[in-house]
Amino acid sequence: ELIEAFDVNRVVKSPSIFDMDKLKWVNSQHLKMYDVEALQPLVLEQLQGLNMLKTDADETQTNNFALAATSLAKQMMETTKDAALNAREVLGYSLPVTYDDLTNGEAKQMIMEGNFYVVAQTVIQKHESGELPQPDPSNLLSAFLDVNNKAIIEDNETGGTAYSYSEAYKAYMKQLSKDLNVKGKNLFHPLRLALTGEMSGQDVTKQLSLLAMVVGNNGNVVDNEEVGVVSFEERMVKLKAFCETIPEEFQSPITTEEKSRSSSKKSAAASVKTVAEAATPATIDPIDTYEGPSITALDIRVGRITKVWEHPEADKLFCEEVDIGEEEPRLIASGLRPYMKAEELEGRLVLVLANLKARKMLGFPSHGMVLCASSDDHSEVKFVSPPVDAKIGERITIPDFNFEGEEGEPFKENKVGKKKVFEKIAPFLVTNKYGVPEFLGRPLVTSAGICTSPISGGNVA
């Protein structure tokens with residue numbers, strides 16, 4: 001029928017037009033299906049095509065560098081070339097010569113708050129005294145490999161043992177936080193800018209491990225001049241010179257009194273606005289008024305229900321085995337029998353609150369909670385669904401919250417229960433008018449995209 005219907009005169013004569021953004025997105029989904037080891041040869045080709053590698057480079061060192069570069073960029077790349085370009089950016093150091101040359105408004109504001117100068121000076125001193133943790137030259141791949149020697153995909157995961165560089169760096173940050181009495185973003189943001197020259201990016205220990213692969217005794221891998229490599233020693237020199245240009249008023253943290261005066265000045269400035277401006281209702285970001293625990297206290301992970309059966313002693317409970325990327329599936333009981341059939345559960349991708357303490361539910365040892373959206377009157381309950389290509393076991397993140405480092409680590413199970421953390425956060429977990437689950441107006445996100453539900457304007461628990 002197709003052959004009979006075909007007529008060459010009906011063929012559109014204009015050339016096809018492709019949406020490159022859509023094509024790249026499709027390609028990124030394709031890349032997500034491959035592990036790092038499979039993509040490494042393709043990234044190696046891109047590194048060579050961009051003339052980033054030396055022609056006489058050691059093959060093993062070159063392959064290790066390509067593997068690390070692929071692992072580092074796995075979550076963000078739309079094409080394999082992105083991994084090579086990301087490696088080039090990571091090996092550079094974009095901190096300007098002087099404070100006045102700084103064009104990044106976010107970085108400038110952070111420096112004006114005073115913590116950067118103090119943190120940067122401490123980093124310089126610790127480096128000069130040899131106390132700043134550095135990647136282990138004998139095992140530079142450790143940050144990129146898991147316990148099975150497989151390349152890590154998630155950016156918030158690092159490899160190595162309890163004595164590796166990644167763990168030493170965490171311990172250093174913890175001690176630095178105590179010594180300077182600075183924590184959270186007031187520590188992590190200045191530290192990242194000082195060490196990498198950027199306000200955001202992948203895990204710092206992975207970035208510095210990649211840098212260590214191309215300097216010193218490993219300096220025969222990358223064409224440092226072509227790539228623009230800035231060694232750690234050179235970074236400290238640049239950082240020291242940059243700190244000397246920071247105005248004196250920004251060389252110590254702003255006190256509460258100074259913040260109050262600054263707030264008063266802003267209030268005075270606001271009072272001179274026109275009547276029309278004053279009449280315009282202000283948009284208040286809910287994060288500014290929120291006083292509860294950080295959402296990072298919860299360990300919400302992507303899981304798949306692999307087995308489901310009715311609880312023999314409870315009319316409302318299903319018993320489930322849920323794979324969340326651990327050695328054994330989690331046993332979880334859910335009160336979903338009034339709303340769903342067993343066949344609707346088995347094989348489903350779900351979100352699991354994983355750091356709840358195990359408890360017996362009519363004799364069944366339930367360890368975790370499957371998150372669902374419900375209508376206001378609780379007459380309708382549906383799963384909160386991650387994207388179909390989300391990775392089993394990956395942790396859910398939320399924009400504008402730092403899920404990296406010590407600040408982003410979830411609370412221990414006992415603390416979640418004792419402090420009633422979920423109970424305090426739950427009122428702020430809702431679905432918007434489109435059914436997207438949110439916390440303080442920000443969506444729940446996986447590496448494959450945002451989570452969804454069929455219930456709009458509901459609650460998530």
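1. Which residues is Pro-329 in contact with, leaving aside its neighbours within four places in sequence? Pro-329 meets Glu-321, Val-322 and Asp-323, where contact means heavy atoms within 4.5 Å. You will find Pro-329 in the loop between S2 and S3. Pro-329 counts as partly exposed because its relative accessibility is 35%; here buried means under 20% relative accessible area, exposed over 50%, and partly exposed in between, with a 1.4 Å probe and protein chains only. If you look for Glu-406, its C-alpha atom is separated from that of Pro-329 by 27 Å, and the two residues are 77 apart along the chain.

2. Before going on, a word on what you are looking at. This is a predicted model, in which local features need pLDDT of at least 70 and side-chain atom pairs count only at pLDDT 80 or more, while totals for chains, interfaces and linings use all residues. Residues are numbered from 1 along each chain as its sequence is written, and side-chain values use heavy atoms, with hydrogens and water left out. The helix and strand names follow DSSP runs numbered from the N terminus (H or I, at least four residues, for helices; E, at least two, for strands).

3. Now the sheet around that loop. It is an open sheet of 5 strands in the order S3-S2-S1-S4-S7, with antiparallel pairing; two strands pair if DSSP finds at least two bridges between them. The edge strands are S3 (330-334) and S7, each of which pairs on one side only.

4. S2 (residues 318-323) and S3 run antiparallel and are joined by 5 bridges.

5. S4 deserves a look of its own. How many of the 5 residues of S4 (residues 349-353) are buried? The count is 5 of 5. Leu-349, Leu-351 and Leu-353 point one way from the strand, and Val-350 and Val-352 point the other way. On one side, 5 bridges join S4 to S1 (residues 300-310) in an antiparallel pairing, with Ile-300 opposite Leu-353. S4 is also joined to S7 (residues 369-370) by 2 bridges, again antiparallel, and Val-352 has Val-370 as its bridge partner there.

6. Turn to helix H5 (residues 80-91). With 12 residues at 1.5 Å a residue, H5 should span 16 Å, and its end C-alpha atoms are 18 Å apart, which agrees; the expected span is 1.5 Å times one less than the number of residues. Its buried residues are Thr-80, Ala-83, Ala-84, Asn-86, Ala-87, Val-90 and Leu-91. Seen down the axis of H5, these fall within an arc of 160 degrees, so they line one face of the helix; the arc is that of the directions from the helix axis to the C-beta atoms.

7. Gln-207 sits in H10. Is Gln-207 buried or exposed? Gln-207 is buried, because its relative accessible area is 7%. A polar atom of its side chain lies 2.8 Å from the backbone oxygen of Gln-202. Not counting residues up to four places away in sequence, Gln-207 touches several residues, including Leu-72, Val-90 and Arg-192.

8. Finally, the nonpolar cores. A nonpolar core is a set of buried Ala, Val, Leu, Ile, Met, Phe, Trp, Tyr and Cys residues joined through side-chain atoms within 4.5 Å. The largest one has 75 residues, and among those with the most contacts inside it are Phe-65, Phe-116 and Leu-239. H4 gives the most to this core, with 7 residues. Apart from it lies another core of 30 residues, among them Leu-298, Ala-373, Phe-439 and Leu-440. Ala-373 is also one of the residues in contact with Ser-453, leaving aside neighbours within four places in sequence.

Definitions and conventions. Polar contact = N/O pair within 3.5 Å; in protein donor to acceptor, adjacent residues only side chain to side chain.
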